Structure formats: C-alpha cells, structure tokens
Amino acid sequence: MSAASEAFYLPALFLTVALLGGVRIADRVVLLPPPLFALVLALLLLGVLARSGAIALDRVMNAGRSALANVNGLIVILAMFLASAQVFNLVTPEIGLPRLLFSVFFLVLLLNTLAASPDRVRVLRSLVVIFGSAFVLKFVVLAALSDPTGGMLKRALLVLLEGVTLGTLTQSVFHESTGYVAFFTVALFMVGLAALPSEMYVTPPPSSDLIIRGS
Amino acid sequence: MALSERTIRTFGLAGVAAYAAFVAWLYVHQPQTIQEVAGGMAAGVGAYRIDQQAFDDGLQFFRQDQFAASRAAFERADPAGQDALTQFYIAYGYYRQGWGRLYDDARLFASGLERVNKAIALAPGGRLRVEDSNLEMRSADELKAELEAGLRTEPADFNPLKVFRRRK
C-alpha cells in the first residue's frame with residue numbers, strides 16, 4: 001500500500017463513511033452518533049477482517065516501521081473502526097422489534113464468521129450480502145411499511161404480513177434522500193474494505209512478481 | 001518533483017486530523033445549512049462577523065414591537081446563528097410576542113427558550129449581559145428564567161391578579 005493511500009485516501013474514505021453513516025434527513029438533518037452496541041459490532045468486524053486477512057494489521061503497524069508510518073496505520077484502523085460502527089448504525093432500524101432483531105442478527109452473524117474463519121474474499125462477499133440485505137430491509141421494506149401515505153409495496157407487504165401488528169415494525173419516516181445517502185455510504189465502505197492492505201498481497205519489490213504470503 | 005514519503009505522511013496526518021475534527025464538529029453542532037457550517041467554522045477561528053446593517057434593522061423593528069420582522073432581520077444578520085447578542089434579541093422577541101396578560105404562547109416561549117439557551121452557549125463563559133435601556137431583563141439568565149416560568153403550569157397561573165402583571 002502506498003504512503004498516500006495509508007496517509008490520505010483510506011482515512012479520508014473511512015471518515016467520510018463515518019460522517020455519512022449518521023445522516024438522517026427528515027424535516028431537519030440529524031447526525032446520529034453510533035450507539036454502544038454498534039461499537040461492539042464494529043470491534044467484532046475488525047476481528048473478522050483481521051482474522052480473514054482482509055486487513056493485515058502487521059502491515060499497517062509494526063516495530064520495523066517509522067513512528068510516523070505507525071501513526072498513519074493506527075489512524076487507518078481507527079477510522080475503519082468508526083466507519084464500521086456508523087455503517088452498523090446506518091443499516092440497523094432506529095426503533096422497536098426490528099432494531100432488536102437486526103442487532104442480534106448482526107451479532108450472531110459476526111460471531112459465526114469469526115468461528116468459521118473464512119478467507120478475505122469470502123468475508124468481503126459475505127459483508128456485501130449482510131449490509132446489502134440489511135439496507136434493503138431497512139430502507140425499502142421497513143420504509144415502505146412505515147410510509148404513512150402508503151403505496152403499492154406497502155399494500156403488498158400488508159397482505160403478506162396479515163395478522164402482524166405493524167406498531168412493532170414501523171419506523172421513523174425519513175426523507176427518501178436518506179436512503180440514497182445510505183446506499184452511497186455502504187458502497188463506499190465496501191470499497192474501503194476492499195482497498196485495505198490485506199495478507200494475500202504485498203507490494204511487490206521492484207524486480208519481482210507478486211508475492212503470496214497467505215495460504 | 002516527487003514528494004518524499006515522510007512529507008506525504010506528515011501532510012496526510014495533518015489533513016486527516018483536520019478532517020476528523022471537522023466531522024466531530026459537525027456531530028456536536030448539528031448544523032442545518034451551509035451558512036451554519038461556514039459560520040461555525042469562521043466563529044471557531046474568531047473570523048465570524050454579523051451583518052451590522054441587518055442587525056440595526058432588526059433592533060429597530062424589535063423596538064417597534066414588530067417581532068416577526070425583527071426576527072427576519074436578525075436571522076439575516078446572523079445566518080449561521082453564531083452571535084450571542086443577536087440570538088438574545090431573537091429570544092427576547094419571542095418572549096415579548098408570546099407574552100399575554102391572561103396566558104403566554106407556549107410555542108413562542110419554547111422557541112425563545114431554545115434561542116436563549118443558544119445565546120448562553122455562545123456567550124463567553126455562558127454569561128451574557130446586554131446594556132439596553134429598552135429592556136427590563138438585561139441578562140440571558142433572567143430571560144431564560146422568565147421563559148421557563150412561562151412554560152410551567154403553576155397554581156399562581158390561576159391568580160386573577162395576574163392580569164395586572166407587566167411585560168418586561
């Protein structure tokens with residue numbers, strides 16, 4: 001990974017995710033800080049990424065690097081941690097039963113992934129599926145159910161959910177631009193995760209080909 | 001000319017620290033408009049100035065009891081909401097407009113309380129005193145107490161002698 005990526009691009013990208021992850025647009029723009037549980041999930045995600053080799057911690061911080069380079073590396077890790085917390089904050093419903101269910105779902109899924117120890121590519125694919133489906137459930141399905149004006153999707157969902165008390169499912173209604181910001185944020189976060197220095201590939205020395213360190 | 005790695009890392013560290021501070025500032029202050037963002041940043045480095053002409057207009061309207069007009073002028077004078085004195089006058093305008101001999105307008109008083117709290121938060125050390133002979137309450141603390149009292153429901157509210165009280 002180049003010095004510019006480590007010092008500029010990755011921290012800036014993750015800080016942007018941390019900023020946008022809290023944006024909720026309704027009658028006013030609110031920036032929500034991450035709840036404590038999102039920090040726990042972010043820590044677990046950091047563990048998953050380190051264990052799978054999606055981030056090689058010894059490539060961003062080690063005794064052989066200069067102090068300045070280690071500080072840059074630490075900032076990458078901290079920014080990624082904050083971005084992860086905000087992405088969990090973003091895709092978790094705001095209130096009620098869905099919030100509880102999503103939180104438990106994320107926790108179990110991350111613990112399961114930690115135990116399974118998949119490789120980098122599988123972890124990244126799995127995260128796309130997790131965040132993608134959570135995004136769809138929150139910003140498409142639950143948003144449609146919570147929409148007071150209703151719509152085709154809401155009517156279809158009401159038929160499917162016949163007998164369920166909607167009071168346990170409905171969420172705060174946000175302006176639809178919140179969903180667009182959320183989509184961009186999740187996509188940016190996945191780009192950032194894919195760009196992290198991984199264990200599979202190291203920067204090639206000038207005269208050699210790619211070196212594969214991992215299995 | 002290629003920059004050395006050390007230079008890149010140093011500038012990167014400084015740039016990211018500044019960006020992180022900006023993000024933290026946004027979360028703490030929750031600005032609603034670009035003007036509030038720009039004004040807040042300018043106030044942070046002591047470079048924020050209100051529009052004095054608009055402020056004077058607002059003061060003139062305020063003294064003529066044209067509170068809606070005075071608020072419009074004060075908002076124009078302090079679009080970022082970073083000037084304690086302007087926020088104080090906006091709060092005072094809400095108080096005077098919402099004050100009633102029989103009852104106070106809770107909505108206007110709540111808006112006034114929000115603004116006076118903002119004025120107190122902006123004032124150095126949280127202490128704001130305004131030397132204006134037109135005002136009976138010359139400190140933000142007095143105004144805040146009056147607005148809070150107006151928002152409370154107390155047995156004294158049913159005292160018929162209340163109709164003789166004066167607007168401050």
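Biologist: How many helices and strands does chain A have?

Modeller: Chain A has eight helices and two strands; helices (H or I, at least four residues) and strands (E, at least two) are DSSP runs, numbered from the N terminus. This is a predicted model, where local features need pLDDT of at least 70, side-chain atom pairs count only at pLDDT 80 or more, and totals for chains, interfaces and linings use all residues. Residues are numbered from 1 along each chain as its sequence is written, with chains lettered from A and ligands numbered from 1 in the order in which they are written.

Biologist: What makes the span of helix H3 of chain B close to the expected one?

Modeller: The expected span is 1.5 Å times one less than the number of residues. H3(B), residues 52-63, has twelve residues and reaches 16 Å from its first C-alpha to its last, close to the 16 Å expected.

Biologist: Why is the set of 45 residues called a nonpolar core?

Modeller: Because a nonpolar core is a set of buried Ala, Val, Leu, Ile, Met, Phe, Trp, Tyr and Cys residues joined through C-beta atoms within 7 Å. Buried means that 20 or more other C-beta atoms, placed from the backbone, lie within 10 Å of the residue's own. Among the residues with the most contacts inside this core are Phe14(A) and Ala83(A). The largest share, twelve residues, comes from H4(A).

Biologist: Which residues does Phe14(A) touch, not counting those up to four places away in sequence?

Modeller: Ala79(A), Met80(A), Leu82(A), Ala83(A) and Gly192(A); a contact means C-beta atoms, placed from the backbone, within 7 Å.

How values were computed
Buried ≥ 20, exposed ≤ 12 C-beta atoms within 10 Å, placed from the backbone. Contact = placed C-beta atoms within 7 Å.
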